[in-house]
Amino acid sequence: MLITCPYCGPRDLSEYTYQGDANRVRPDPASTDQAAWNDYVYDRINTAGEHREFWQHSGGCRAHLLVTRNTLTHAISFVGFAREHGEPKHLERRKGGKA
Amino acid sequence: MSPRRSSAGGRVDRTRTIRFTFDGRSFTGHAGDTLASALLANGMTLFGRSFKYHRPRGVMTAGIDEPNALVTLLKGDIREPNIPVTEIEIYDGLNAVSQNRSPSLAFDVGAINQYAGKLISAGFYYKTFMGPVIGPLKGTRFWMFCERFIRRAAGLGHAGTTADTARYERMNAFCDVLVVGGGPAGLMAAKAAASDGARVIVADLEAAFGGTAKWSGDVIDGKPASEWAAELADELAGMENVRLLPRTTVWGYYDGNTLAALERVSDHKANPESGEPRHRHWTIRAKTVVLATGGFERPLIFPGNDIPGVMLAGAVERFAGEYGVLPGERIALFTNNDSAYAAAANLKRAGAMVVAIIDVRPEISAAARELASKAGAEVRLGQAVVAAEGGKALTGVKVRNFEAATGMISGDPASLAVDCLAVSGGWSPAVHLASQAGGKPEWDEALQAFLPPKPTQKWIGAGAFTGAATTASAIADGQRAGLKAAGILAQGKEKLPSVSEPALDPSPAPVLEVRAHGKAFVDFQHDVTADDVRLAHQEGFISVEHLKRYTTLGMATDQGKTSNVPGLAIMADARGLSIPQVGTTRFRPPFSAVSLGSVAGERVGHIRPDRLTPMHDWHVEQGARMYAAGLWYRPMIYGAPGETVEQAYVREAKAVRESVGIVDVSTLGKIAVQGPDAAEFLDRVYTNLFSTLPVGKARYGLMLREDGLAMDDGTTWRLGENDFLMTTTTANAGKVMQHLEYFLDVVWPELKVHVTSVSDQWAGAAVAGPKSRDVLAACVTGTKVDNETLPFMGIVHGEIDGVPVMICRLSFSGEMAFEVYCGAGYGLQVWEALIEAGKPFNIVPYGLEALGTLRIEKGHVTGAEIDGRTTARDLHLGWLLSKKKPFIGSAMMDREGFVAPTRLQLVGLVSLDGRPLTGGAHIVENGSAEQLGQSIGHITATCYSPALGKYIGLALVRDGKSRHGKRAVISDPLRDRFGPVEIVNHIFFDPDGSRMHG
Amino acid sequence: MVEQLSPLGPVWKPGSYGNLSRGVGVTISEIRPGSIVEAAAWHGSEKKLIAAIAKVTGLKLPDGAGGGVFKNGKGAFGIAPTRFLLVDQAEGLAERLLTVVPVDMGSVVDLSHGRTAIRISGPKAEWVLSKFFAIDFSETAFPLGSGKATVYHDFFTQIQRTAPQAFDLYVFRSFARSFWQLLCHGAEDVGYEVF
Amino acid sequence: MAEYSAFALLRNALHGNREWKPAWRKPDPKPSYDVIIIGGGGHGLSTAYYLAKEHGITNVAVLERGWLGQGNIGRNTTMIRSNYLLPENSHFYEHSVKLWENLSHDLNYNVMFSQRGVLNLAHTPAQLDDFARRGNSMRHCGIDAELMTPDEIKRFIPALDISVGGRFPVVGGLIQKRAGTARHDAVAWGFARGADRRGVDIIENCEVTGFLRDGDRIVGVTTTRGEIRAKKTAVAVAGNTGAVMKLAGIDRLPIETHVLQAFVSEGLKPFMDSVVTFGAGHLYVTQSDKGGMVFGGDIDGYNTYAQRGNLPIVEEVMAEMVALFPGLSRVRLLRSWGGLMDMSMDGTPIITTGPLPGMYLNCGWCYGGFKATPASGWCFAYTIAQDRPHKFNAAMTLDRFKRGFIVDEKGQGATPRLH
């Protein structure tokens, strides 16, 4: 499998570390909503099809990437920097500044 | 010249004689021979014994699809089992032996099995060997008793235990176009693709390029096809944008157009050149792939079809055409299609006597008739071979009338005396790689074959792979594919070579089996007969996968290349369905068997690297026993002559408590955490506060995982307002780095923080003991090291022996101690300077064992306690859990199960019988070797404590805190260690820390 | 100033080895620059950092991922978004950079001891490196001066093409000895020279 | 249906094997059952078998989308062991081993369970202490375990390079002698035949397309072969748990589906008579009765439903294989395959009532599924019949994550690729 790192270009799977499901929503750090935290830490949508996930180019630029990959075919339809494409909830919380 | 070798023709060099050995007997062959062609030329017919019935078997094919003729190659004690003779290029001194026979190939006692044929039919072993339900042989015993004999009978060749001395290596390649298969289609594709400068790789599993052109007898551009192909290959070899890979099997088609290929670099040489590998494992990343892998001929299924001398027609043709070897003196052909007629004509041209062509079809094309008369062969249409006769060699065949539509047999048998029967059941395109790439092959009724699926990755098919039947169409196909693959717009007027070849009918008759009395084999190596397939059907194993698994059809070393379609056909017939309705099995890597060594590549003999500290060589010179910690090597003890491990670490630990010792801590993970938000970031990452840490001070910190369990601990030093140096445990350095990067990239990208691994930038030495400050005072310049300048957890910068150093006063040992850091390149120099300065105080270098002893006495935790299952509170680190702020893990750390009183908590243990405690032992309230107790926990670390004069340990014990002062029992049945212990506080020594603060 | 000790120790053996029948395929040497520094900008400050680097080193970094330049013993190339690896024969580059890289621009980390620089050059350099790294070393994919960060199993490596047939490899110091041995082993088939 | 035995073989041989009957019937689905089990894999079939055998519940249908046993029951490295660290796992897997020990007789089908031992190699003193801790934990749970010295190991497996190329010398090992291997397909066929003989309907080529509900209660399923009602509906579909549970509106579970590759070499004469695992990497090896070396390593480590792996794992596994057995570098890899693993968040399976009324869930096997086959079915059958877990699967609940009663054998936390 080749993943095209937006910085390094197409690189072999062996250069990457899988960092898991990118559909999870991390609650606000101060939140004490146990259900929300449990959902974030333990539950997965485990999609059969287009799956948003994080990969770290640990054997290259070390950036975390947001990858959309079809779990039935392994075809990759999108790769971007996680810091720019992390899931929307992050963006909202960011406006609130440091947590 | 041997009896079976024609006087001319083929690409063998009759002027070069090569000597080799088979089963201890020496033979000669010629340059260009395979072991198969050389032995056939010597008149050999018997090559091996089958898996189950041990029936005599000859060569059936001329390539990698060979199911029968497997041998073991010997290089001294190094063994290479199960290699088809058709894949082996001979060289002087080649030494091969036959397999799966005893005592000899000619006389094999295992052959008795064939008389038990009906008894040991498909799946018989599931129905017996279960043994009695009571008595000494109940349970699994009886089966295991029988199994021993079954295992001895099964298997093929013997593997060796001697380490292989050959070299293996990997190679990464990138190209615009990878052409798989160097036949006419592949060569044309390569030429077209390369014409515009594209980077092209052409791989072919044979020694010489050309594929069928090497023996087809066609004429291309007025030349013999073999010449045409050789010239084209030379032309390609001369282009700098083309790489030709002969003897290279592309065996895996993985995601992202990544293909794996095995190049047999020096298997054909008596001695490889210096540094030359035996096998090279290519990982090829191609923008586009051209699959021109050709096809495999299928056998026909009839009684006796496995007798040595019954071969595939294409193979017989190839032996004659490429190697100038005639596998028989009187050859007959048996076919359901036209291709055998071309074979007959070529055989005749090579000097063979072609007795007859038996064809199940009532009539045939004019071209076929013409070829038959060229071959001088009697044509018997609407007939079939109902039996092949002979034992270790074919003596003749029986032929009767056969109705293709119904399979009905009639009329009196005619006997033909032949010593070679060339059979053809039509051709199956080699769709394996396309199937691996994803997608299901599609059945073509006219060609009676599975054709490649629609591409699911970037590949284009060409030649026989696509079902193309003629050389002309293959060539045109190849050119088209090559242009397309390289993205060159076809002008439509690209010059195509002219081909003269007979106009044969590509469609075979839909007949693969002749049902008559006797064992008719479908999978030759595994001895799966047509009746076995029908038995599977009868017992309900009717899906392709069940058929395969129940009968082992297609599971042999040839991976069903010859048996797959015939097997399906018989099942389809039994179920009254069409072949595609029964389905095909999905092909997976490897396309054909590859050596384990080749895929291991250059890592054979270099499984993982050594990671060394700057002081490594010094430790070794001082006689340290080195300990592998992950990839690192660290001193375990600096044993003096005659010292036991315990004596050594006790001596070292004592020295630290009494005077001063020094230990190499360079392996600790070190991460530079920099930026205006660095302090804020650390507050979120650690359970305790770091924003309040003043510049020039260090603080101990604990990290949790998101799930609230302890992850790692260490000290972090504030070197500047925005500049921290984080240290982690040796084992978790990489994990923590990734943890920090994840949160900075994914969760808090708004933070202005950079993390950089500086583990290798700094050498570290911990100087510990009451005299440690005196040692520093004696060698450090540029700063004072007294209590005011360098208080506990303080940091100063200075020089040792002219080398800039950074010194932090912190203690793992519980003694007054300092960690001295300097550039790794200066590590040894500073280390030696410290040793020198320490001489007056009898400074002692100490290793991991002493380090462990000192930390156990102090109750400090390491990976053995922070094992991914413990909470901060379990380890008495609750005081580090800040209430002032959220941090990673804070939301999850108070879950019911994480605060339950039944949890394992850290305690100290003291051995009450004066004997050592054993690591990994369990703790029970009471119990003995005879009567094991209930485990209430386990020991995580043990030592002899010189400070206490006792054997002590740390343990994780259920509700441990409430057990202080209570007695318990160490229970270690594995090492038969039982005895009384007292459970105590985990801090054994100097609980108020006066010594390190002092 | 004290001299850095090489991590290669006893495995560094000058001489010629392997199959030299077709000449020397590659030359392998440890180059020992005085400074190896990683400089990183906050997102949005890349241009400012590139200017600061130019000011101190005189090296003008081209735009674009992995872009780099190597001249008269000085090298600079991109290793990650907003991050650059800088190499100088002279010591003290980190200190000099810190004078022009304020905290609101980015950060500077001295790796002069943390990374070991190995140069492999010669007609077979691409061939030998391709035995380990899964990247395309051809000059079109890996132009002169540019750099790539990659990994071969445990060996994280940053590579700059410093000449048409030469590559400078930066590996973690603690791995350098094993890496050196592997590289030499891999060069035996083409013949190699160590100095 | 006729008993299998040596005598039956002989009798049939004399009659040209014409009398063998199908191993199981191929009935059409009835409109309703007491229990429907979704998934005709090892666990589903064994659940049906034990429902009938232990609880007398025979009005049961096993619904299989494709051909019976097409999942991991036929795609594993056939290893059976109960050498676990945590008692919650030990007791469960030991129960399984005990069922294995009599399974061939129980099923009248030779599943070829061969107790040739599973040996874990240790390469550092610390690792040996870890193994000792695990072995002692086993012994305190009444499970056999022993330590071996390097010399004993060398004698036990002569082909093994106990210096591992000098890099990871073996300092000892932990062996469970009652552990071993079995013939994987036979297990599926044996349970199928056993369940069928007790009246269970095994329905192949019957894909579940949805759940029938009465309020939020599950009262059956819709399938490609029509509607089937049931008092109780059990799900045992391993890698496809997510997809099937989505049909019931459960769109999140503590499960990720990954692919595990497995490998087999060409057949060899007896080379090694045990199961061996490499402690300085991740490799497990055995030799099948047919002679092939059967081995595997880590999962590929990313979410996937494609039964195909990638090259890096293949290369790693071969490198470790040759490091342990330097004599095998010239032996050839014959086949590889990929199985879908339902990786749970703590590496421990889930066998539970719910999550919806009328529903029962069995999943999260990571790659311990094969050895668990009998106990999984046995415990799941108990849970379905009694509507509460047996003590062997009491810890394997779905809510253990919320409550913090994690059973994390490897201590890796909620990172499935590391379990």
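Q: Which residue in S45(B) is the bridge partner of Gly764(B)?
A: That's Tyr821(B). A quick note first: the model is predicted, so local features need pLDDT of at least 70 and side-chain atom pairs count only at pLDDT 80 or more, while totals for chains, interfaces and linings use all residues. Residues are numbered from 1 along each chain as its sequence is written, chains are lettered from A and ligands numbered from 1 in the order in which they are written, and side-chain values use heavy atoms, with hydrogens and water left out.

Q: What makes S41 of chain B and S45(B) a pair?
A: Pairing takes at least two bridges found by DSSP. Strand S41 (residues 762–768) is joined to S45(B) by 7 bridges, so the two count as paired, and they run antiparallel.

Q: How do you know that S44 of chain B pairs with S45(B) too?
A: There are 4 bridges between strand S44 (residues 803–808) and S45(B), again antiparallel. Across them, Val805(B) stands opposite Cys822(B).

Q: Why is strand S45 of chain B called largely enclosed?
A: Because 7 of its 7 residues (817–823) are buried. Buried means under 20% relative accessible area (exposed is over 50%, partly exposed in between; 1.4 Å probe, protein chains only).
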